[in-house]
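Student: I'd like to learn how to read a fold from its model. Can you take me through one, feature by feature?

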Amino acid sequence: MKLGADNETLAENRVLILYILSLLEEAVNNSALYKLVLSIQDMNYFYFQQFLLDLEENKYIVDYEKDDGTVYEITENRKKYVKFNN
């Protein structure tokens, strides 16, 4: 992945997405998650999509189909890790 920011900033953005997902009680669709992220930090939509893909490929999050489309949630193992480090 070649994004126009330093590695620390990229890692912080991934952690922000994980943190938000860890706080949610239910899975969330792409649009709602992006709006939540934007309420905290300005983030390019395409970078956001790449972060989601990276997190999914590394098994930090999962996505699945629901009635209203694809939703995302943090894996149980990662949720425990995020809560442990709070």
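Predicted model: local features only at pLDDT ≥ 70, side-chain atom pairs only at ≥ 80, totals over all residues.

Student: Fine. What is the order of the strands in the sheet?

Tutor: The general idea: strands of a sheet pair through backbone hydrogen bonds, either parallel or antiparallel. In DSSP terms, two strands pair if at least two bridges are found between them. In this model the sheet is open, has three strands in the order β1-β3-β2, and its pairing is antiparallel. β1 (28–29) and β2 (61–66) stand at the edges with a single partner strand each, so one side of each has no neighbour in the sheet.

Student: How many bridges join β2 to β3, and how many join β1 to β3?

Tutor: Six bridges join β2 to β3, and two join β1 to β3, which covers residues 69–74. The link from β2 to β3 is a hairpin through two residues.

Student: Which helix lies across the strands?

Tutor: For angles, axes are lines fitted to C-alpha atoms, for helices over the stretch in contact, and angles run from 0 to 180 degrees between N-to-C directions. Contact itself means heavy atoms within 4.5 Å. Helix α1 (residues 7–23) lies across β1, β2 and β3, and runs at about 95° to β3.

Student: Now α2. Which of its residues are buried?

Tutor: Buried means under 20% relative accessible area, exposed over 50%, and partly exposed in between (1.4 Å probe, protein chains only). In α2 (residues 30–40), the buried ones are N30, L33, Y34 and V37. Their arc around the axis is only 100°, which puts them on the same side of α2; that arc is taken from the directions from the helix axis to the C-beta atoms. K35 and S39, on the other side of α2, are exposed. The cover over the buried residues of α2 includes α1, β1, α3 (45–57) and β3.

Student: What happens at the start of α2?

Tutor: Look for a polar contact, a pair of N or O atoms within 3.5 Å; within protein, one must be able to donate a hydrogen and the other to accept it, and residues adjacent in sequence count only if both atoms are side-chain atoms. There, a side-chain oxygen of N29 comes to within 3.3 Å of the backbone nitrogen of S31. S22 is buried, at 5% relative accessible area.

Student: Are loop residues such as M43 buried or exposed?

Tutor: Check each one. M43 sits in the loop between α2 and α3, yet its relative accessibility is 4%, so M43 counts as buried. Setting aside residues up to four places away in sequence, M43 touches N13, Y34, V37, L38, F48 and F51. T75, in the loop between β3 and α4 (76–84), is buried too, with a relative accessible area of 16%. Beyond its neighbours within four places in sequence, T75 contacts K59, Y60, I61 and V62.

Student: And what is the phi of K59?

Tutor: As background, most residues other than glycine have a negative phi. K59 has a positive phi of about 65° although it is not a glycine. K59 lies in the loop between α3 and β2 and is exposed, with a relative accessible area of 62%.

Student: How much of the chain is buried?

Tutor: Buried residues make up 34% of the 86 residues in the chain. One of the strand residues to look at is I74 in β3, which counts as buried at 4% relative accessibility.

Conventions:
Residues numbered from 1 in each chain as written. Heavy atoms only, no water. Helix = DSSP H or I, 4+ residues; strand = E, 2+ residues; numbered from the N terminus.
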